[in-house]
Structure formats: C-alpha cells, structure tokens
Amino acid sequence: QDNFDEREINLVSPEKIAGYDPIHASDQYSGNEAGKVYEGLFEFHPLKRPYELMPNLAEALPTVSADGLTYTFKLRKGVLFHDSPAFKDGIGREMKSDDVIYSLKRLADPKLMAKGWWLFDERIVGLNEWRTKYSALDATVYEEEIEGLKKVDDYTFTVKLKSPYPQFLYALAMPYSFIVAKEAVDHFGKEFLNHPVGTGPFILPRFDQSNLIVYNRNPKFREKFYPTEGEEGDDKLGLLADAGKKIPLVDRINVHIVVESQPKWLSFQKGKDDVIELKDNNIDQAITKEKELRSEHKEKGIRLILKPQLDVTFFAFNHEDKTFQNRKLRQAMNMAYNRAEANRLFYEGTAIDAQGVIPPGMGGYRKEFKNPYVKFDLEGAKKLLAEAGYPGGKGLPEITIQTRNETIARQQIEFFAKCMDKIGIKINVGMNTWPELVNKVTKKQHQMYTMAWGADYPDAENFLGLLYCPNQSPGSNGANYCNPEFDALYKQATVMQDSPERTALYEKLNEMAAVDAPWVFGFNRTRMYLVQAWLKNFKFMEFNHNQFQYLNVDLEVKKELSKKF
Amino acid sequence: MKENSLWKDAFKRLIKDKWAFGSLIIVAIYSIVAILAATGLLAADWAREVGASNLPPSAEHWFGTDIFGRDVLAKVLHGTQIAMSVGLATSLIAIPIGVILGALAGYFGGWVDDVITWLYTTFSSIPNIMLLISITMILGKGLFAVYIALGATSWVTLCRLIRGEVMKHKEREYVQAAGAIGGGHFRKLFLHILPNVTHIVIINTSLQFQFAIKSEVILSYLGLGVQGEPSWGTMIDDAKLELARGVWWQLAGATTAMFIVVLAFNLLGDALRDALDPKLKGK
Amino acid sequence: MIKYIIRRLLNLIPVLLGVSFIIFVLFNLVSGDPTAVLLGKNATAKQMAELREQLGLNKPLFDQYLDVVKSAFTFDFGRSWATKQEITYMIKQGAYPSMVLTVPAFIIATIFSLIISLVVAFYRGKGIDLFVRILCIAGVSVSALAYILGFQYLFAYKLGWFEISGFEYGFPDFVPYIALPAIIWILLSLGPDVRFFRTIMLDEIYQDYVRTARAKGLSEVVILLKHVLRNALIPIITYVVIQIPSLILGALLLENFFSIPGLGGITLNALNSSDFPVIKAMAILSSVLYIVMSLVTDILYTLADPRVKLK
Amino acid sequence: MTSSPLLSVRNLVVDFHTSEGVTRAVNNISFDIPAGKTIGIVGESGSGKSVTSLAVMGLLQKPAAKIPQGEILFNGQDLLKFNDAQMRDIRGNQISMIFQEPMTSLNPVFKVGDQIAETIRIHRQVSKKEAWDRAVDLMNQVGIPNPSASAHKYPHEMSGGQKQRVMIAMAIACEPKLLICDEPTTALDVTIQKQVLDLLHGLQQKHHMSMMFITHDLGVIGDIADDVVVMYRSNVVEKNNAKEIFYTAKHPYTKGLLACRPKLGANPRRLLTVSDFMDDNGVEKHVSAERVQVFEKEDEPNRSDEILLEVKNLVTQFPIKGGLFGRTVDHFKAVNDVSFTLKKGQTLGLVGESGCGKTTLGRSILRLIEPASGNIIYNGKDITQVGAEELRLLRRKMQIIFQDPYSSLNPRMTVAEILTEPLNIHNVGSGRQERLDMAKQLFEKVGLKAAQLNRYPHEFSGGQRQRICIARALMLRPEFVICDESVSALDVSVQAQVLNLLLDLQEEFGLTYVFISHDLGVVNFIADEVGVMNKGKIIEMDKASQIYKNPKEEYTRALLSAIPKGEGKANLAALV
Ligand SMILES: Nc1ncnc2c1ncn2[C@@H]1O[C@H](COP(=O)(O)OP(=O)(O)OP(=O)(O)O)[C@@H](O)[C@H]1O
Ligand SMILES: Nc1ncnc2c1ncn2[C@@H]1O[C@H](COP(=O)(O)OP(=O)(O)OP(=O)(O)O)[C@@H](O)[C@H]1O
Ligand SMILES: [Mg+2]
Ligand SMILES: [Mg+2]
C-alpha cells in the first residue's frame, strides 16, 4: 500500500484538529494545519537562522511612518483564493486589501471570540471601539471603516497603531492573522471552520478531525519558489537541492492523528510516517547516551535532528501566597533541584538548564550568564532554607504542585518532590485535567504549578511578559509575580524596536528576574526529530506552520529503503 | 444437638475445599500486607532510593528498581494497601447501597420502586467516566475521591440485579409463609429473601473488587488516581512510558500482584457461592 | 405492546430531567469557569468576561438549567465550545468507529462467554471448570494497558497482522484497524462474563425441570443449550443489555491507543476542555440509549420467559 | 407368566451424604416387575420410594447420593453399569417416569406441547409436525380440556392438576416398556384421577406396558396393581400379589396401613396408626378393641357454642390488567361472596374441584391476600379493618399450612431455623435452647427424626416436607389453623398420625380448623361441617355426615361418585 508513484508525504499530529478558522488557531497543531491552506502577510524564512521575517502575501516589508505608528503595506498581485462554491462560478478570485482588513477585523469581532485577539487588543486605532460597539449589537458590520485599518487601493492599505508595537509584524506572521475571504465566511457560516478557503499551497479534500487529514496540492497556487539561500551548512545538508524550484514540491500530504506515543513510534518504525517528533519515552529507543542515533535506525537511513527549542519549563510559585514571598526559600528550592538528574531521566540529557526566563536563541539570552541559584548545591540550599527561616524544612507547610494529568508530568513532580525532600521540604503532586489546572491558576487557587512556555514569536518580550505584574492571573503571569522595578523596565522595553539597547534591556530584565527566583527554573528543551531518508528539505523550525510547502520526497530512495522496513 | 446455619455450613465446606482455602489464605496474606503497609510496618521506605534507576530484577531487588531507583517490590507492597483499600471501600459503599436499594425497590414496588428505578436509571445512564471525572473534580484528587467515585458508580448494576431477583422471590410461597407466621417486612426481606440472592451479591462483590482495582489503573491513566503514593495503577501507567525502554519489571510486578489477588478473590467468590448453595452439599 | 413501549418511552422524561440536573450540577457549578480554557494561554480578564456573557454563563442558574433541559428534550445540542463543531456532526462522525469497534466485539465476547460458561457449567467442579475459570480470570487480571501495549507491539508491529493505528470508514476497510482492539476487548470481557453466566447457569442446573429433561433421555448438552440456557436468559439479558450504553465510552483506552476516532475520544477531549455542550450531549445520548436498551431488555424478557408480562 | 422379569432390582442400597453423616435411604431392597404388570409400591413417607425410582432412572441427586451396592437389571442388563449415552437411550423411551412434584418439574419457559413433543422427537424419527400432533393427541388422552389450544400454554398458565397430566402425557409419549409413576394423582381431584387411572390401565393393555406405581392411596392401588411392594424405613417389608397382601397382610406395618385409612362412613375417634400395630422395634402388637370402635360424629356433643370466625360476603378478586398505563380493566373473582360461621373448637372441611377457589379463600381469611370486600370477624374483631402491626400479632393465633410444602419452605434455611423462626418472631420461649427443644418436640410429634433438624428442605421426601410445614404452623400453638391439602402427600399411616395429632390438639387446646382437601374420606373423618365449593362460591354446606349421605347438589353427587373404591384388579372394595 506504500505509494511510490505520487509525491506524497505522511505526517502525524498528536492532537485532534478542531477546525480551520485561523482566528482560533492558538496551538501549534492547529496552526500547522491552517498553515497548509492559508497564508499570512509574512512568514519566517524556512532556512535562515535566527528567524528572519520575509514577505509572503505582502510584496515587501511595510513602510513605517516616522513616529513608528503608521504602517503602509503593499500586497502581492495575482494571489488567488482556492476555488470554492462560495465564489461566483466557484472560481477563486484574487486576494485584495479588503480581505486583509476583513481578516484582521474578524479577530476583533466580539461575536467570534477569537483566541488571537490578545495580539491586537489595544493596539490599532479604533479597533477596540469598533469591537465594543458591536458587542452590544446583534450583528457586526464589517463595512464600517475604522481609522486604524484603511484601504488605500486594492493592493495597498495602512495600519495605524495606538502606540509603538515592535512585535506587530510577528503578529502578522502568526496563523491568527492568516487571510480569509469574506464570501467563504458568509457562505459557509458556522461551518466555515470545516471548509477552509485560503490562498495557500494546499487544498483540503478530506478532513476527519480526529483521524486523518488529506491535502492536495493547490493547482492554482501562485508562483512561489524555494529559497536559494539559507543558513551556513544548509547546502551540505542538501537543503538547497530544490533551490529556485516552484513550490509546493509534493502532490499530497496525509496527516494522521495519533494521540498515544507507542503507535506513533511503531508507525514511524514501519515507515508509515515520514517524520516524528521524539517525546519522552521513545527517546531512549532512538538515541544512545552520547546522543547518537542508534545503529538500527541509521541502517534504515533515518536521520536525527536535535535542535534547541524556544521554550522554558518552570515550577511557578504563587507569589500571592505569603510563604513564597520569601526570596531565600525560592532560591533554596532552585538550588535543591537536581537538574542534571532530571535531565537524564526525562530528556536523556538533551535539555539545557534554564538560567532565566529567556531561552537561548532569542535576543536577551546571554550565554555567559549563569544563574547562581540554578546550580545544584544541597548544602547551599539547606543554608538558604535555614536563612529563610525554615531550618531543615521545619515550619514550612506541605506544598502541592499542580500539574496536568499526564504520566510524565506526574513523574516530574515526583522527582522534584524527591529533590526537595532532601532539604526537608515536603511536596505533594496535584494532578488536574486541563480545565481544572487552568481554573486553579486563573483563580489563584494554587501554591505552585508547573508549565512550559513556548514562544509565540521570536521576541523575548513574549517570555518576559510572564512575569509582568499586570499580566497576572487570569493573564499569562500565573505566578502572580510583581516586581515594580522589573515592571518599569519591561514597560520601557516593550515599545522599543529591535536594537542592541533593547537586547541589553532584555538581558538585564532576564537576569534581574533570574536571581529573584520567581520560579524554580526548569529547562530549555531540545526538540528531537527522526526523519526518514526520503523526506527532503526538513529543517527544524520553531514557527513551522509554513514549513510544509517546502518539503519534498525522494521516491527512489523511498522505494529502495522500503525493503528494510 | 449441634446447630447449623447456612453460613456456618458454608464456612465448613469452604475450608475443606483446597482451592478455596488457598484463595482464602492468599486474600488473608494480602490483607495483612495491606494492614502492615498502612501502619507503616512494611514497605514504609518505598520512596527511598536503593540503587540506580531502572535496574532489572536481581537477587537484591526482586522486581528491579523504577525510574528513580526505588525498589519496585516495596512499591508493589505499598500498592497492595491502596488496591485492597480501594476494593474494600468501594465494595463497602456499593454493596450496601446496591443491595438495600435494590431490595427495597424489588420488594415494595410502587412508588418506592419508581423512585429507586429512576435514581439508578439516571445514574447509570450517565457514562461512568463522566461521573468519575466530575466526582474527583468535586472531591479533589486522592484516595478518598477514588473510593467515592468508584463506589458511587458501581452500585447500579448490583441494585438492578438484586431488584430483579427480589421481585422474583417475593412472589415465592416461602415469603408468604414467613408473613403467615407473623414476620414483618424486614424479616421477609432481609432474613428470607436476601439469603436466597446472596449468590448474586457474592459474584458481584468479587467482580466489584477486581473492577475497583482495575479502575484504579484507568483512573491513573486519566491522571485522576491516587497521588503521591505508589499504587498498582500508577505503576502500570508508568509502564506506558517504560516498556518502550525495555523496562518491563514494574508492569510485571504490579500485574503479578494484581493477578494473584484477583484470581484468589474470584475463586473464593465462586467457592463461597457454591458453599452457600445447600443443594451442592456433599460435593 | 405499542402502548407499553410508548409508556416506557415516557419514562425518558423524568430520567432526562434527572440526567440534566446531575450533569448541570456536576459540570456547571462545580467545574468552574470554562472561559480560561476556551480562550487559551493569553486570555485577558476582559475577554473572559465577554465570553462568559456570550456563553450565557451569567444568566441566572435556573435559566441555565432550563437551557440544559431544553436541549435534552429537543436534541438540539448546538455547537461545541471548544472545537466550534456542530455536535450532532461530531457524534455522527464518532459513532461509526465506536460502533464498528465495540458492537462486534461485544457480541462476540457475549457469545464466547455463553459458550464457555455452558462448558464450565457442564463440567462444574471438574478440572476443566477450574482451568477455564482460571484462564478467564487471568485474562481479566491483566490491565488493559498491558494488553494494548503488548499486543500492539507484537501483533501489529512485529508480526504485521494488523494495522498499528488509525481508521478507515466502510466495510471491510476498517477491519484491519479494529480487529486488534476488538480482540483485546473480548479478552477483557471474557472473565467477568463467564463467571457471571456460570453462576446463573449453576443456579438453574439443580432445578427439577432439569431432572425431567434428563428423564426424557435428553443429552446433557441439549439440556444445557436448550433448557438451562433459556431459563438463565433473564439475568443474562439484564447483565448484557445494561452494558450496552457503556459501549459508547467503554473503549476509551482502546480508541486512544489505536487512534480510532470514536466517541470515547470526543468525550475525553470535551472533559479535558470544559466543553460543556459536548459533555451534555454525550450524557443525554447515553441516557436515551440506556432507556431504549432497558426497553429492549424488557421486550427480550417476554421472549425469553413467558411468565414475564409487560404491564 | 413368570419368565424373566422386565425390571429386577437386586439388593439395592442408596446412601445420602449429609451434614450429619451418611444416611441410608434405601437398604438392600429387591423386587421384580414382570412385563405387562403393575407393581404398586406403598409405604411410609420417607421410606425410600422416590429414591428407589430415581435410582432406576439414574437420576439421583448427584453429589449427595451414592449407590454402594446393588443391581438394577432391565431386560437382564444392569442399568447401573450403563454409561450416559446408553442411559439416555433408555430414559424416556423404554423407561419413563412421572415425578412426584409436577409444579416444579416442567420447564417454565417452554410450551407444554413442545415439552411433550420433545420427548417424542428424541426417540422417534418423526417430523416436528407429527410430534406436535402426537403431543396434542396425548393431551387429549390424559383429559386436558381443549388440547390443541392447551398445547400452546406455558406451565404457569395451567392449574396444578393439569400440569400433573402434562407430566403423564410426557411419560407415556413413547409408549415405554416401563412406566414409573411417583404419586401421579396427588394433585388431581377424584374425577380426573379416575380418568387418568383408566387411561394408564388402557395403555397397559394396549402396549403390554409394565408399571411401577408409587402411591399412598390404597384405593388406587386396589384399582390398578397386580403386585404390591410395601416399604418401611428404607426396607422392603413385604411383597405379594395385591389381593393377598390386603387380605392376608403379614407385616404389622401393612396391617396398620390398611386400617389407618379414614373411611367415608363412621371412623374410630382416633384413627389407627402403625404404632397401634407394632412397637418401635417393628414387633407386632395387639390392637385394643377400644381403638377400633367406631362412632358417628353426631354422637359427639358440641364442644362450644362460641363463634370464633364469621366470614361475611367475602369477595377476593385478581385484577386483570391492561390499557395504556397498566390499569386494571377487569377482575376475576376467585372467591365470590362467601359467608359462613365457624364455632370455636370446630372443624370446617372445604372440598371442591381444583381451581375452585379453596386456597384463595383460605388465604383471604388470613389476609395473606387482601379481600376486595366483605368482613372477616375473628373473635369479635373485624380483621379486615386492623392495622399491619395488630395483624402481625394476630398471626400468632391464626396459622396456615400451605398447599405446596416445597415452595413454602425457604431453601436456604435449615429446618431447625424454619421451626424456631415463629418463636423468635413472637418471642415465645426463653432462649435458643428452649426454642430448639420445642421445635424438636413437635418435629418428633409429626413423625420425623430430631437428628434431621439440621437438614435443608430439599433433603427431605415430599411427605416429610409437608410435615415440616405442619410443624411450623403448630409451633406457636395457634387457636385457628387453615390446613390446605395438608395431608395429601402423606402415606396413610403418617396421615393418620397427623390427623390424630390435629384432633388431639383440638381437644386439648380447643383449636379450630378450616380443612381443605380433595380427599373426601379425610374430610369426612376430621370435619364437623363440610362446605362444597364450586367456582368461588360455597354451594352447599352441612354437617359432614349429612353431606355424604344426602348430597343435595348435583355437583356434590358427582364428586362423591368418583372416589376410587378399589374395585379394580384386587377388588378391595370391602376394605376401603
Ligand atoms: N438429597 C437428600 N439428602 C439427604 N437425604 C435425602 C435426600 N433426598 C431424600 N433423602 C432421604 O431419603 C429418604 C427417602 O426419601 P424418598 O423421597 O425416597 O421418600 P418417599 O418414600 O418417596 O417419601 P414420600 O412418600 O414422602 O414422597 C428420606 O428419609 C429422605 O429424608
Ligand atoms: N395470583 C393469582 N392471579 C390470578 N389468578 C389467580 C391467582 N391465584 C389463583 N388464581 C386463580 O384463582 C382460582 C382459584 O385458585 P385457588 O388456588 O384458590 O384454587 P384451589 O381451589 O385451591 O385449587 P387446587 O385444589 O388446585 O389447589 C384459580 O382459577 C386460579 O387460576
Ligand atoms: Mg416420594
Ligand atoms: Mg389450592
């Protein structure tokens, strides 16, 4: 049943896909699916690192007014929407400025409750007023023009910001801001989410949200070409072999939804999937202690890709709880956590100890900075704990750490508990369904909880915001950490454009927070992918929703190797 | 003249049956282990690190060690306490409720029956998993919630079966006969009818016990199980991650422990059922 | 008969009221605010408040309860909060795989159990009785998780007899996908079923009518198959039929591990995202099924036992 | 014509393993059944008659019963050595059996027609249709009204008597060489009984069938048996030609048996029992002349004029349900406007055909079934009006002995528990031991062994179970007892013993009885007044002697004329 004639790739997604409305595409997995059908104004370069924004539906980067508030965008011409009964005669029409304005307004539509609204909340002139106005009315009128989003002509429009928003272009590259057609939204109504009509490289013939999704190449896709340059070394890795070719390079993509890790692993082993992300339990089967791919996989031509991820894991204190307003206690707990061991147990030693809030690979991370409290030192921890007023843990109440109801999460806290036990702190595990955990955190009903934060866009602001006081629960600052000094600097940094000054500020913020130990820092994890030999052009991407159009498959190799599976 | 009664008789026959007797002893051993573990006399140091992580079984650690280097045998022993208490507690909740409500409904009929039928229909028509999850949400996680959640969801089957049997028996003449000698409802129901439906209760209890122990595994899989202590459920759930690494001993340890006690309970249940049937006397 | 069926279906009313109430209390009052979950990690307090208003969570509790009741009786479940999909559509999608997995497995398991229990009842007290029972109990003493992990590895991966995971719609395309989970299901149900059925059979085997049948010269096998089985049917039917509603969600673990897009997964997802409309719909669906099944039970009773009259 | 006999039982021993050890139910017995002949087996209740017949069929209760010794030769082959398949070929085909308790012996979920046809289809190569037709024909022969419709009925839709006849039809379906009948007519009223006996007799003539006929009704034996085997305490004590045995009985038990039976005319004040003819060791005694002296009921002065029970216009009905909400659409009046009065210390006999409402009337009086209307005035108090608690206390004084002893005993209680239970309920006697002693006493009074108190009901013979029920009813020393067919399963000697006991109690404590029976002789003996019931009404009521001498109603006359007179083969009319 293997397909050697058609250029087809097989992927897995570990989560069910809710639907294709971009304004709700909040997680990586739905973003990945939306990204096959829809496109945004900008996208990240598939090869270049650090991540570089490049125009996609926009013709070029926008021109910005002197005050940094008004952006003028030019659109690419000849971009067609997919054919769809929503359009006249069923033929997809050209995408224009109105579509962009419409798509951005949809994020603000009070009836739709877009998950991506936070990106533009209080950002664009007139948009919040527009939203407020229609939240009281029965129907939203998109035709009503607002000052912040103005069409100049069919291919030009301007956006006026309320205040400087350096991350604005990143926001436009996120799946939330993908461009949709009003006709399609109106035509399909509430079923729009099952009938994506985008401009993207693929169209969607089959959508079984919890089983299998099949994409076909969009025959009318515009002239878009594989990049001709990349990061150093990409050449050697064969990533530039298709340079300059028209994309997409494959005819079909099958996405299998597989929740549990064993079937995922076994299917990959059978050659049924082209790439999988290695998670927890299979790491050990794939790589040796030296982080080398095991020989049985090498024989099959499988490649291993290890790349640091833009994320940070942490055990957050609830700073509203008096107990945790004791800095020495927080520092002691940081010091008592045996990260080396945890790394070995849970990540096969592939992760990096998180020194602060910002992960490596992002502006604001300083390689030289070593957080003194992230060093494992039991004696030091004991001393700090005594100084904190709890010698040997005496007097300290038992602490429950809330986490998700997953085996690995439980084991991680069990391990954490074991470490804390060594200095006399008693930790309990609190397992929660996802809604429960979210509720506990938003209602500040927790003592501690654990979480991993992944980057939404490559800007440290996205991480530092986790400790910004106004973001406290129900916002993203679930630790409810408040540090006026930090807040003041943060506020200052957020309106700055990317610059060495801003990076320095970020570094300062990061290190200031790090030594205050607002969390027990965990890890910056490494992503591990196993890639079949026949899958071409796969390069690790943090923001990878646009990656799939660049992938290719070598049918010869596949045919050859399939004997080994 | 020596006196006899159904239960005395049954007990006598039970200890004569070597399989039943063996099962009885196994159950007794498990109970003792459970009590010792609960009082901290046994396996109290299950959390201690005794060696490297994931050591295979050896003379020193019969069931090997787990990911944190803890002795799996100690965890199994400690888990016995949880398994037995979950089995016992859910049975103690489910059986009285199921038997009493079922008996009342079957015996009195009329509005009593209507109300009880409504109650169990309502309860049993909501998928178990929903009740389990919501009850653990309300009560918070932990052993107590597990008891209540499993107890509250498993009385229904028994109630229904007992109701049917009681309805059948209450028409029998021996019940009328009990009325004719002046026996009240209580006597008719609990002294006459119930002994005649005990076999259903017994089979159900032994099934219940195993169901409870196994449900704990599922609850652990869903992250709603016992927390902060090793239970067979969490051990088996761990195995989900470990098997791929070739670490089979935690699964094997917990499964063996579970297998033996479930087997013993079932054999005991069957034997007790047979022993309580006077017609099988002289076997 | 028709009248009886109508009357029994009217029973749905109080039960649905009860189910609505329990579901409402458990999930609306207790499980707290779903908006944080629904809006994702960057939600703001303001947006949460707006969503709460939009979902009707600010309405008086009684009105909210009435909404639940209304949807229970109109079967109008609306859309999922989390996935925004039409719930009826989700159920339709999920029901097919769930049913093709559980129904055949359930039927086969029941038939097997009946046969095995007849055999052990026939050889009661003998070695084979004990042996088969121990085997059945052994089957059920191993956790489902262990079976799944082991069988998937061995039979699907190593031996390649079945598909590892996934699903295809349409017969016989789904067969290689559901065969293995179905086998595991059967293995797991055999133990309790056989034991229960055996108990019931043994209860019958000492009745006088069995002696009469023997006096006619009937063979022991015919006696078991015809006379004893028929009489044992009532409790067996009860036992079997009340399991049916749980078939919907019964295969949750199997669905997850074999990536079968069934109702179990839908429900679990709903529970994991405070998706109240879906939870509600599943509960109502299951109770309707339950009532219908009890009705079927009662009708089967009359077929199995002429003494039972529908009244 | 004594060639080799069809069935020959040689030195048969049957043991039961019970909790009190091994009991021997059948002790080294031997007898022959020649082809074409009928052997009547009579004997004490519990003497091993049913066990013997079950042993022949190979149907003894499996784990408990053992046959340590003996041979059962059928056509010269030892049945005990047969394997299962061989036995199956014999059963139902060459040897068939009518069981003692027809109520439970039919499979409740199959149509009776099918159950009969099944037997035919096992042993004969016939089509389904043919088998069914034959079944209908058989049902016709045994006198079931409207056979083609009745064949479609389920057992619970038939009366006790009808079920018994279905059993008979089933047994004779394959025209067996040997038919074993274990009390085949106990549940039948005399008219039907006559019809059935005639049928069996006819079959015997036609197919040269042999019969082993177990009964305690000597009239029946006289009608049908060629030879008689008398069993007593697990042994065969006498066997002989029927006529011989009755006229020249040798064993004192046999002599006693013949003398015990209450006659339709005058009877002694107390019936003779076997113990009048022999002592406990089986040594013959001489019967005192005083014991044999008969007396007419009328001679006896009325013991009291005080009215204990007055039933006024009693109606009891069973609802017939239907309609959308299971409403009751109609009623079947099982007891229809019955009135009578009963004086303290008197006995009212109730007779009437099966299904006429006797049992229902009895239960209504005790309010075990709620009557629909009418009054029951007991000791001046209308018990239709009293509350539940008061009624419960009244139960101490009013007792009923149920018609079907087996089903009225809780199968999971030992007899000791069953007997002491009423004492516990009403707190009679101090302490366990005393209660147990009381139970023991009464248990022995009804002719059972105290050692068996620890047994469960299924470990007793039919007659023994009936006596357990009697004992239970008497435990509380009630004032008023309803006896529903209470002696029908007892052999005459035990029957006499029990009847005597009832009379003794009546004399000593002034007990009042309602005595339901289809045995007119028994009613004649024990009742002061007799009511004849038909279709829910009492159609005639008079002094016992009057009813028998000058029945007024046609129905009563028909009933009387059907009583077996022993005029058959042995012509025992004189004795009966
Ligand atoms: N299952 C049993 N266990 C122990 N003893 C038994 C069992 N069945 C019968 N017996 C005993 O065997 C003896 C013979 O019983 P059997 O049924 O043959 O009596 P019977 O002659 O048919 O009496 P009846 O006229 O009352 O029916 C009785 O004393 C009875 O108590
Ligand atoms: N529970 C009941 N429901 C409906 N009808 C009943 C019920 N019990 C008895 N009957 C009917 O009432 C009538 C009287 O029954 P009852 O048992 O009083 O008869 P009986 O005179 O005692 O007969 P037998 O001599 O056969 O014992 C019968 O026609 C019977 O079918
Ligand atoms: Mg008998
Ligand atoms: Mg009667």
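Biologist: Which is D:Gln403, buried, partly exposed or exposed, and how do you know?

Modeller: Its relative accessible area is 34%. Buried means under 20%, exposed over 50%, and partly exposed in between (1.4 Å probe, protein chains only). So D:Gln403 is partly exposed. This is a predicted model: local features need pLDDT of at least 70, side-chain atom pairs count only at pLDDT 80 or more, and totals for chains, interfaces and linings use all residues. Residues are numbered from 1 along each chain as its sequence is written, chains are lettered from A and ligands numbered from 1 in the order in which they are written, and side-chain values use heavy atoms, without hydrogens and water.

Biologist: Why is the link of A:Cys469 and A:Cys482 called a disulfide?

Modeller: The rule asks for a pair of cysteine sulfur atoms within 2.5 Å. Here the S to S distance is 1.8 Å, so the pair qualifies. The count over all chains is one disulfide. The link is right-handed, with 65° about the S-S bond. Both cysteines lie in the loop between α14 (461-464) and α15 (484-494) of chain A, so the link ties together parts 13 residues apart in sequence. A:Cys469 is buried at 17%. A:Cys482 is partly exposed at 38%.

Biologist: How do you know that D:Cys174 is in no disulfide?

Modeller: The nearest cysteine sulfur belongs to D:Cys181, 15 Å away. D:Cys174 has a relative accessible area of 1%, so it is buried. D:Cys356 is also in no disulfide, as the nearest cysteine sulfur, that of D:Cys483, is 17 Å away. D:Cys356 is buried too, at 3%.

Biologist: What makes C:Arg195 and B:Asp270 a salt bridge?

Modeller: A salt bridge needs a side-chain nitrogen of Lys or Arg within 4 Å of a carboxyl oxygen of Asp or Glu. Their closest N and O atoms are 2.7 Å apart, so the pair passes. The rule finds three salt bridges across the interface of chain B and chain C. On chain B's side, elements giving two or more residues include α5 (128-139) and α10 (249-275). The largest share, twelve residues, comes from α10(B).

Biologist: How many residues are in the contact of chain B and chain C, and what area is buried?

Modeller: Contact means heavy atoms within 4.5 Å. Chain B gives 50 residues and chain C gives 52. Buried area is the accessible area (1.4 Å probe) that two parts lose on being put together, summed over both. Here that is about 4,700 Å², with 74% from carbon and sulfur atoms. B:Met130, B:Arg160 and B:Tyr221 supply 14% of the area that chain B buries against chain C, more than any other three residues.

How values were computed: Helix = DSSP H or I, 4+ residues; strand = E, 2+ residues; numbered from the N terminus.
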